[in-house]
Amino acid sequence: GETIDIVAPSGGVTSGLVYVIGSLIGVAATTATEGEGSALVTTGVYDLAKVSAQAWTQGAKIYWDSATKLATTTSAGNTLIGIAAAAAGN
């Protein structure tokens, strides 16, 4: 369950980026074009691009904004992906 095989969705997947496929959330292990096989890693700690104007505290809930492809502390309209493992400044 730490890595789940997927078929890359429309637009494909890029290694190291977050993807939400239905209720499945993970970080792409490899880059793949639409329809190719890939895998999502569902556990671990990752450095992700975040909303620059936000400062995070350790343990804060972190959400994924699929439209901007940024991690955020804003829950409205976004998908919970985990918690901040460390504080992050704006």
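Gln54 is buried, with a relative accessible area of 14% (buried means under 20%, exposed over 50% and partly exposed in between, with a 1.4 Å probe and protein chains only). This is a predicted model, in which local features need pLDDT of at least 70, side-chain atom pairs count only at pLDDT 80 or more, and totals for chains, interfaces and linings use all residues. Residues are numbered from 1 along each chain as its sequence is written, and side-chain values use heavy atoms, leaving out hydrogens and water.

**Gln54**
- Gln54 sits in the loop between E4 and E5 (strands are DSSP runs of E, at least two residues, numbered from the N terminus).
- Leaving aside neighbours within four places in sequence, Gln54 is in contact with Ala71, Thr72, Thr73, Thr74, Ala88, Gly89 and Asn90 (contact means heavy atoms within 4.5 Å).

**Lys50**
- Lys50 is placed in the loop between strand E4 (37-41) and E5.
- Lys50 is buried yet has no salt bridge (a side-chain nitrogen of Lys or Arg within 4 Å of a carboxyl oxygen of Asp or Glu).
- The nearest side chain of opposite charge is Asp47, 11 Å away (Lys and Arg count as positive, Asp and Glu as negative; His and the chain ends are not counted).
- A polar atom of the Lys50 side chain lies 2.5 Å from the backbone oxygen of Gln54.
- For the backbone oxygen of Gly89, the distance to a polar atom of the Lys50 side chain is 3.3 Å.
- Not counting residues up to four places away in sequence, Lys50 touches Trp56, Leu70, Ala71, Ala88, Gly89 and Asn90.

**The sheet**
- Three strands form an open sheet in the order E6-E5-E7, with antiparallel pairing (two strands pair if DSSP finds at least two bridges between them).
- Strand E6 (70-72) and strand E7 (79-83) stand at the edges with a single partner strand each, so one side of each has no neighbour in the sheet.
- From one strand to the next, the twist averages 40° (axes are lines fitted to C-alpha atoms, and angles run from 0 to 180 degrees between N-to-C directions).
- Strand E5 (residues 61-65) runs antiparallel to E7, and four bridges join them.
- Tyr63 stands opposite Leu80 in E7.

**Lys69**
- Lys69 is found in the loop between E5 and E6.
- Lys69 is not a glycine, although its phi is positive, at about 60°.
- Lys69 is partly exposed, with a relative accessible area of 47%.

Terms used. A polar contact is a pair of N or O atoms within 3.5 Å; within protein, one must be able to donate a hydrogen and the other to accept it, and residues adjacent in sequence count only if both atoms are side-chain atoms.
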